[in-house]
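Dear colleague,

I am handing over the structure below, and I would be grateful if you kept it open while reading the notes that follow it.

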Amino acid sequence: MHGEYKVPGGKLVAVDLDVVDGLLSGVSVSGDFFLEPDEALAVVSSSLDGLPRDTPVSRLADAVTTALAREDQPVHMVGFDAHAVAVAVRRALGFSTAWADHTFELIHPGPLPPALHAALDQVLTEELGAGRRGPTLRFWEWVEPAVIIGSFQSLRNEVDLEAAERYGITVVRRISGGGAMFMEAGNCITFSLVVPASLVDGMTFEDSYAFLNQWVLGALADVGVQAFTSGLNDIASPAGKLAGSAQKRMVGGAVLHHVTMSYDIDADKMLEVLRIGREKLSDKGTTSANKRVDPVRSQTQLPREEVISAFAAYFRSRYPTVDGALRPEELERATELARTKFTDPSWTARVP
């Protein structure tokens, strides 16, 4: 059995192994990483022999770390670590998967109501978990302005409802955590990625955010924006914050990961509608909300549609991708959920 794992920003780790009577056997670790002293490679490999086939990533990594700690001289692992070895082992065994193991469906429907977008996030994630849909990248389009708040945010603490009503802004609560998204047609770029849990097997939430956002950094580079991950779930540039991301992991083994990126945001209106507190701003290292969002438009000088097309092209260039569409039964169920859940005041104000 053979498995590989490319460390984000690091090196490739490869593992070859057999399974005998449910135990790992003949484990051989290799790769283009750096390791000193040479003898440590045999220690890494032998530390995994005899472990049960279903050993989780954390215990596999602990076995490597413990074995190396017993060595007489310090061991230096450069470009990889014990966790990377563990993920490669899980991939060899079929528990973890890589991007190339999947074919992604790319969906970019026309404008839909914000509540329907929130409902589609739930439906498409549940469909993947049930085995009725494969991994999917979906770009959002909408007309009416909206604030999409995180699953656990307080409605009254996050949104000035009088200002929202004055501007005709709909408030929708989504199923994932994270912060509020201020959205007007044309002022941001939003997309949802639905993947099997095997793609982020063994990763912490922090690791999975960086992992699933890695392609976004490359897509931004293609349109001339130098970007990097910031904090737990933000994407930033030297000029300031560009985007925030959020996740939801569903029973059944599906992960929803979505990103909202500022394109040409009306910061003054956003400030009237969103109650952005001083504590949150100070945590971001800024003194005013205007500085928290750095529009993609100012850095690319490209129309929003061209930026989205460039993102889609970059994704296609890296991962197996086919054009897709919402299926009638998915749209029907999402429409019903939008009516019974995502526009229901009891859901929107479930955290008052």
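Strand β8 (residues 146-149) runs parallel to β9, and 4 bridges join the two; helices (H or I, at least four residues) and strands (E, at least two) are DSSP runs numbered from the N terminus, and two strands are said to pair if DSSP finds at least two bridges between them. Within this pairing, Ile148 has Val172 of β9 opposite. Helix α4 (residues 114-129) packs on the sheet, where α4 touches β8 and β9, and its direction makes about 10° with that of β9. Contact here means heavy atoms within 4.5 Å, while axes are lines fitted to C-alpha atoms, for helices over the stretch in contact, with angles running from 0 to 180 degrees between N-to-C directions. The sheet in question is open, has 3 strands in the order β9-β8-β10, and shows mixed pairing. Its edge strands are β9 (170-173) and β10 (181-183), each of which pairs on one side only, and the twist from one strand to the next averages 20°.

Before going further, please note that this is a predicted model, in which local features need pLDDT of at least 70 and side-chain atom pairs count only at pLDDT 80 or more, whereas totals for chains, interfaces and linings use all residues. Residues are numbered from 1 along each chain as its sequence is written, and side-chain values use heavy atoms, with hydrogens and water left out.

The partners are Arg333 and Glu126, whose side chains meet at 2.6 Å, N to O. Since Arg333 belongs to helix α12 (residues 328-342) and Glu126 to helix α4, the pair ties together parts that are 207 residues apart in sequence. Over the whole structure, the search finds 15 salt bridges.

A second open sheet of 3 strands has the order β1-β2-β3 and antiparallel pairing. Because β1 (2-6) and β3 (23-31) stand at its edges with a single partner strand each, one side of each is left without a neighbour in the sheet. Strand β2 (residues 12-20) pairs with β3 over 7 bridges in the antiparallel sense, and Val15 stands opposite Val29 in β3.

The largest share of the lining, 5 residues, comes from β1, and α7 (205-222) supplies at least two residues.

Finally, strand β13 (residues 234-237) and strand β14 (residues 240-250) pair in the antiparallel sense over 4 bridges, and they form a hairpin with 2 residues between them. Strand β14 is also joined by 8 bridges to strand β15 (residues 254-262), and these two run antiparallel. β14 and β15 form a hairpin with 3 residues between them, and Gly252 in the turn has a positive phi of about 110°.

With best wishes

Note on methods
Salt bridge = Lys/Arg side-chain N within 4 Å of Asp/Glu carboxyl O.
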